Amino acid sequence: MRITTWMLALALALVLSGPAAPSPGGENRGPGSGSQGPGKSDDKNDDKKDDQKPDDNRGPDPDKPEDNNRPDDRAPAAADAAVERRIVMLTATPTGAAIDASGKAETRVRGARQRFKVEVEARLPDGVVFVVEVDGRPAGSITLMAGEGELEVKNFDGMVLPAGLDPVSTIRRVRVLSALGVLVLEGSF
Amino acid sequence: MFGTRGTKIAAIGVGLLMTASAWADCRRKISLIPSSVGIATDSSGAAEVRAQGSQQRFKLSMDARVADGTLYVVRANGMAVGTITVTLGDGELDLNNNNGKVLPAGLNPVCSVGQLSVTDAAGNSVLSGSF
């Protein structure tokens, strides 16, 4: 009789104390978690976190100059998401091959800012001039120095894109000709 | 004896002449003449060459009633030497050999520049002139 009473009392005590005892892997993770509904204090903490971390969704500041020194094989960053970039390697014609000519063309658009660039290398003396044609229209010239030269046109920093290059994203064919009009390099985006 | 001295004097004279020719100073300015295409766009322009000692400069400035971004090719003695992109109705090509810069082959030396022409993107002559 005494044993039965004790056993009942113990069983009752176990039943009553069960929910209060933490169990491994249980769902009671303490304050601030679970579906406790909206709370002002947690919202404030979240706001603080948002203020402290950079806002990747804002995108690049169009007024800041581009970082041209970053390596091309860098990991894609959110800040670069808005940059549209196209590059084409130019092919040498027989005339170009005779002077070891090589080059590449690049278009870059970030927001309203546009840039078109052509780089040329050739085994020719300083001062040799090449004319760059884009889709059949002259876009500028390159004067060689130490075997290389480049043309860069853009629509910012006080510069105006030559007619026919705006928008640069529609540029297709790029040709580089000698000062006398002989085709040296060509390529298409 | 006189013959040797005479040869030396002659050699020095030739050397001086060659030096003078290599470092010939010049300063010329011309107004460019518009073609019918140039007249249609109210184009006008002027070109200037200047050399003093080893310093050389070429400048061609032009006005035209065309849209911003209109591009012209400048040729000297038949060779392309640069381009001009018009902004607010004017533009210029200003080239020199200061601070290690290199003059385009068709402009070096600037004192030997003769025929000048400015052509539009379609290859039409717009302005021309001769020093």
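Predicted model: local features only at pLDDT ≥ 70, side-chain atom pairs only at ≥ 80, totals over all residues.

Tutor: A residue counts as buried when 20 or more other C-beta atoms lie within 10 Å of its own, as exposed when there are 12 or fewer, and as partly exposed in between.

Contacts of Gly89(B) beyond four places in sequence are with Asp63(B), Ala64(B) and Arg65(B). For Arg65(B), the separation along the chain is 24 residues, while the two C-alpha atoms are 5.6 Å apart.

The loop between β5 (79-85) and β6 of chain B also holds Leu88(B). Leu88(B) is not a glycine, yet its phi is positive, near 50°. With 8 other C-beta atoms within 10 Å, Leu88(B) is exposed, because the cut-off for that class is 12 or fewer.

For chain B as a whole, the secondary structure comprises two helices and eight strands. Their order along the sequence is α-β-α-β-β-β-β-β-β-β. Chain B has 131 residues, of which 33% are buried. Among its contacts between residues at least 6 apart in sequence, 54% link residues at least 24 apart. A further backbone feature of chain B is the cis peptide bond between Asn108(B) and Pro109(B), with omega about 5°. Pro109(B) belongs to the loop between β6 (90-96) and β7 (115-119) of chain B.

Ala146(A), a residue other than glycine, has a positive phi of about 55°. Ala146(A) sits in the loop between β5 and β6 of chain A. Ala146(A) has 8 other C-beta atoms within 10 Å, so it is exposed. Asp166(A) and Pro167(A) are joined by a cis peptide bond with omega about 5°. Pro167(A) lies in the loop between β6 and β7 (173-178) of chain A.

Eight of them form an open sheet in the order β5-β4-β7-β8-β1-β2-β3-β6, with antiparallel pairing. β5 (137-143) and β6 (148-154) of chain A are the edge strands; each has a single partner, so one side of each has no neighbour in the sheet. On average, neighbouring strands of this sheet are turned by 20° against each other, direction ignored.

β1 (residues 83-92) and β2 (residues 102-110) of chain A run antiparallel and share eight bridges. Within that pair, Thr107(A) of β2(A) is opposite Arg86(A). β1(A) is also antiparallel to β8 (residues 183-188) of chain A, with two bridges. Here Ala92(A) has Leu185(A) in β8(A) as its bridge partner. β3 (residues 113-121) of chain A and β6(A) are joined antiparallel over seven bridges. Arg115(A) is partnered by Lys154(A) of β6(A).

In soluble globular proteins, nonpolar side chains tend to be buried together. The largest nonpolar core of this model has 58 residues, and Phe130(A), Val132(A) and Val176(A) touch the most other members. Apart from neighbours within four places in sequence, Val132(A) is in contact with Val118(A), Ala139(A), Gly140(A), Ser141(A), Ile142(A), Leu151(A), Val174(A) and Val176(A).

Last, the place where the chains meet. Chain A and chain B each put 20 residues into the contact. On the chain A side, the elements giving two or more residues are β4 (129-134) and β5. β5(A) gives the most, with six residues. By type, the residues on this side are twelve nonpolar, five polar and three charged. β5(A) is thus an edge strand of the sheet, with one side lacking a neighbour there, and also the element that gives the most residues to the chain A side of the contact.

Terms used
Residues numbered from 1 in each chain as written. Chains lettered and ligands numbered in written order. Pairing = 2+ DSSP bridges. Helix = DSSP H or I, 4+ residues; strand = E, 2+ residues; numbered from the N terminus. Axes fitted to C-alpha atoms, helices over the stretch in contact; angles between N-to-C directions. Contact = placed C-beta atoms within 7 Å. Nonpolar A, V, L, I, M, F, W, Y, C, P; charged D, E, K, R; others polar. Core = buried A, V, L, I, M, F, W, Y, C linked by C-beta atoms within 7 Å.
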